[in-house]
Amino acid sequence: MFVNGANGLKSRGIEKAGIYGGGSNSGGSGNTGGNSGTTDDGYPICSSASVDPDGDGWGWENNASCKVR
């Protein structure tokens with residue numbers, strides 16, 4: 001309902017932030033350029049598997065969660 005409901009975000013024309021819609025991830029404080037785009041479901045892609053020490057497919061870099069390829 002929050003997203004798809006009659007008064008949800010989609011009905012209001014709210015757009016996804018560029019970092020979650022496949023846009024460029026080319027800057028920002030502390031960004032080392034490790035992020036290389038987003039997954040089909042909008043999550044940032046981790047630069048390497050080394051940011052996922054427990055092997056669950058999720059990592060942390062640039063102050064955000066990311067998915068390991």
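**Side-chain contacts in a predicted model**

At 34% relative accessibility, Trp58 counts as partly exposed in this predicted model. Its ring has a partner: Trp58 and Tyr43 form an aromatic pair, and a search of the whole structure finds one such pair. A pair of aromatic rings is described by the distance of the centres and the angle of the planes.

A disulfide is a covalent bond between the sulfur atoms of two cysteines. The count comes to one in this model, and this bond joins Cys46 to Cys66 with an S to S distance of 2.0 Å. Cys46 lies in the segment before strand 1 and Cys66 in strand 2, so the bond ties together parts that are 20 residues apart in sequence. The link is right-handed, with 100 degrees about the S-S bond. Cys46 is buried at a relative accessible area of 5%, and Cys66 is likewise buried at 1%.

Finally, the model contains one salt bridge. Lys67 and Asp41 form this contact, with their closest N and O atoms 2.7 Å apart. Once again distant parts of the chain are linked: Lys67 is in strand 2 (residues 64-67), whereas Asp41 is in the segment before strand 1 (58-61), and 26 residues separate the two. Asp41 is partly exposed, with a relative accessible area of 43%.

Note on methods:
Residues numbered from 1 in each chain as written. Predicted model: local features only at pLDDT ≥ 70, side-chain atom pairs only at ≥ 80, totals over all residues. Heavy atoms only, no water. Salt bridge = Lys/Arg side-chain N within 4 Å of Asp/Glu carboxyl O. Helix = DSSP H or I, 4+ residues; strand = E, 2+ residues; numbered from the N terminus. Buried < 20%, exposed > 50% of the residue type's maximum accessible area, 1.4 Å probe, protein only. Phe/Tyr/Trp six-rings, centres within 6.5 Å; stacked < 30°, edge-to-face > 60°. Disulfide = S-S within 2.5 Å.
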